[in-house]
Structures are given as structure tokens and as C-alpha cells.
Amino acid sequence: GFTLAEVLAALVIMAIVLPVAIEGLRIANRAGVVAQRKGVAAQLADSLLNEFVVTGEWQYSAQDGDFGTEWNGYRWRLQNQVWGRDAMQMLTLEVFYQVQDREFSVQLSTLALPAE
């Protein structure tokens with residue numbers, strides 16, 4: 001058998017270790033969810049940015065929006081800036097998403113020639 005002192009010592013050790021272990025699991029879970037959603041956000045950003053460049057809609061369309069009900073929780077914002085060289089524009093598409101009440105984002109940029 002165990003003595004009362006041994007049982008109390010084991011309970012104290014568990015009271016210290018258990019919250020730390022649970023917090024570690026929560027952080028690992030959030031990191032996994034963030035990584036998964038970041039991959040989805042990068043794919044959505046790549047697809048939408050390519051669509052804007054190919055169609056030329058980046059010159060005329062709204063500068064922000066969402067991806068509809070199919071990709072609920074993801075929204076985007078498009079910015080264009082004058083490129084320092086040539087007559088090109090630098091397009092930056094940022095996709096936002098939330099994980100555990102914190103907002104994260106992914107940015108993709110490319111260069112495009114404005115229509116003349």
C-alpha cells in the first residue's frame with residue numbers, strides 16, 4: 001500500500017503537471033488548425049489573384065469581399081500600388097480567417113500591367 005504522504009505527493013504533482021499538459025494540447029491543436037486554414041487561405045488567394053489578373057477585373061472590381069457560403073469565415077482585400085519600375089501595378093491580395101477568436105491572414109502579391 002501507499003502512505004498518506006505518498007498519495008498527497010502524487011496528487012500535488014498531478015495538480016501541477018495536468019494543467020500544463022492540457023495547455024500544451026490546446027496550443028498544439030490551435031497550431032494545427034491555423035496551419036490547415038492557412039493552406040486553404042493560400043489556395044483561395046492564389047485562385048482569386050490569378051482570376052483578377054487574367055480577367056483584368058482588378059482594375060474595376062471591389063477591393064474587398066468574401067468567398068461566399070462555400071468558404072464561410074474567409075474574406076479578402078485587394079490592394080494595388082504603383083510599382084517603382086515600368087508601368088506595372090503590384091497587386092496584393094490578403095485573405096483573412098479566424099481561429100479561436102484570433103484573426104490571421106495570408107498575403108500574396110504579383111505584378112500586372114494595367115489596360116491602356
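**Notebook: salt bridges**

I looked up arginine 26 to begin with, and at 38% relative accessibility this residue counts as partly exposed. I keep in mind that the structure is a predicted model.

I then asked which residue arginine 26 meets in a salt bridge. The partner is glutamate 23, with an N to O distance of 2.9 Å between the side chains, and glutamate 23 is also partly exposed, at 35% relative accessibility. Both residues belong to helix H1 (residues 4-55), where they sit three residues apart, about one turn of the helix.

Next I turned to arginine 75, whose side chain forms a salt bridge with that of glutamate 103 at 2.7 Å, N to O. Arginine 75 lies in strand E2 (residues 75-82) and glutamate 103 in strand E4 (residues 102-112), so this pair ties together parts that are 28 residues apart in sequence. I noted relative accessible areas of 38% for arginine 75, which is partly exposed, and 43% for glutamate 103, which is partly exposed as well.

My next entry concerns arginine 77, which is joined to glutamate 94 by a salt bridge whose closest N and O atoms are 2.8 Å apart. Because arginine 77 is in strand E2 and glutamate 94 in strand E3 (residues 89-99), the pair ties together parts 17 residues apart in sequence. Is glutamate 94 buried or exposed? I found it buried, since its relative accessible area is 10% and the cut-off for buried is under 20%, whereas arginine 77 is partly exposed at 33%.

For the tally, I recorded a count of three salt bridges.

Key
Residues are numbered from 1 along each chain as its sequence is written. This is a predicted model: local features need pLDDT of at least 70, side-chain atom pairs count only at pLDDT 80 or more; totals for chains, interfaces and linings use all residues. Side-chain values use heavy atoms; hydrogens and water are left out. A salt bridge is a side-chain nitrogen of Lys or Arg within 4 Å of a carboxyl oxygen of Asp or Glu. Helices (H or I, at least four residues) and strands (E, at least two) are DSSP runs, numbered from the N terminus. Buried means under 20% relative accessible area, exposed over 50%, partly exposed in between (1.4 Å probe, protein chains only).
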